[in-house]
Amino acid sequence: PFENVNHQLSRIVMNIPFLKNNLSPVSFAGVTVDQYNKGLSELYEFNRFELLRNIFLAAYKRSAQIYTDFQLPPEDPA
């Protein structure tokens, strides 16, 4: 019964460090399940992180373009 909630919670928690540092959150929209699973398989089975890294970077770049309007303005040092 908690399967879907666990996925949502993990995505929220993953974004906490980004949001705390006024960075765009990550969304894996546009990444297919097959791409993601292949990246995870290469990491777990062969200790190769390149594909998963590339998937993450592409997803983050896309998210940064989408969510730039949601970033906080810089704090006034005065």
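Mentor: A pocket, on a 1 Å grid over the protein atoms alone, is an open set of points where a 1.4 Å probe fits, with protein on both sides within 12 Å along at least five of seven lines, and its lining residues have an atom within 4 Å of a point. The model here is predicted: local features need pLDDT of at least 70 and side-chain atom pairs count only at pLDDT 80 or more, while totals for chains, interfaces and linings use all residues. Residues are numbered from 1 along each chain as its sequence is written, and side-chain values use heavy atoms, with hydrogens and water left out.

Trainee: What volume does the largest pocket have?

Mentor: Volume here is the space filled by probe spheres set on the grid points, which are joined across faces, edges and corners. For the largest pocket that comes to about 290 Å³.

Trainee: Which helix gives the most to the lining of the largest pocket?

Mentor: The lining is made of His7, Ser10, Arg11, Met14, Phe28, Val31, Thr32, Val33, Tyr36 and Asn37. Helices are DSSP runs (H or I, at least four residues), numbered from the N terminus. Both α1 and α2 (33-46) supply at least two lining residues each. With four residues, the top contributor is α1.

Trainee: How does the lining of the largest pocket split by class?

Mentor: Ala, Val, Leu, Ile, Met, Phe, Trp, Tyr, Cys and Pro count as nonpolar, Asp, Glu, Lys and Arg as charged, and the others, Gly among them, as polar. Sorted that way, the lining has five nonpolar, four polar and one charged residues.

Trainee: What pattern does the protein follow along the sequence?

Mentor: Strands would be DSSP runs of E, at least two residues. The protein has zero of those and three helices. Read along the sequence, that gives α-α-α.

Trainee: Why is the pair of phenylalanine 28 and tyrosine 36 put in its class, and what is that class?

Mentor: Rings of Phe, Tyr and Trp (its six-membered ring) pair if their centres lie within 6.5 Å, and planes under 30 degrees apart count as stacked, over 60 as edge-to-face and the rest as tilted. The structure holds five such aromatic pairs. In this one the ring centres of phenylalanine 28 and tyrosine 36 are 5.7 Å apart and the planes are at 65°, so the pair is edge-to-face.

Trainee: Which residues form the one aromatic cluster?

Mentor: Two of its members also sit in the pocket lining, Phe28 and Tyr36.

Trainee: At roughly what angle do the axes of α2 and α3 cross?

Mentor: Axes are lines fitted to C-alpha atoms, for helices over the stretch in contact, and angles run from 0 to 180 degrees between N-to-C directions. The axes of α2 and α3 (residues 50-67) come within 7 Å and cross at roughly 140°.

Trainee: Which residues of α3 make the contact with α2?

Mentor: Contact means heavy atoms within 4.5 Å. The α2 side brings Gln35, Tyr36, Lys38, Gly39, Leu40, Glu42 and Leu43. Across both helices, the contact residues divide into six nonpolar, two polar and two charged. From α3 come Leu51, Leu52 and Ile55.

Trainee: How far apart in space are glycine 39 and leucine 51, C-alpha to C-alpha?

Mentor: Glycine 39 is in α2 and counts as buried, at 0% relative accessibility. Leaving aside neighbours within four places in sequence, glycine 39 touches Leu51 and Leu52. Glycine 39 and leucine 51 are twelve residues apart in sequence, yet their C-alpha separation is 5.2 Å.

Trainee: Is glutamate 42 buried or exposed?

Mentor: Glutamate 42 also belongs to α2. Beyond four places in sequence, glutamate 42 is in contact with Asn47, Arg48 and Leu51. Its relative accessibility is 17%, so glutamate 42 counts as buried.

Trainee: What is phi of asparagine 47 near?

Mentor: Asparagine 47 is in the loop between α2 and α3 and is exposed, with a relative accessible area of 65%. Its phi is positive in a residue other than glycine, near 55°.

Definitions and conventions: Buried < 20%, exposed > 50% of the residue type's maximum accessible area, 1.4 Å probe, protein only.
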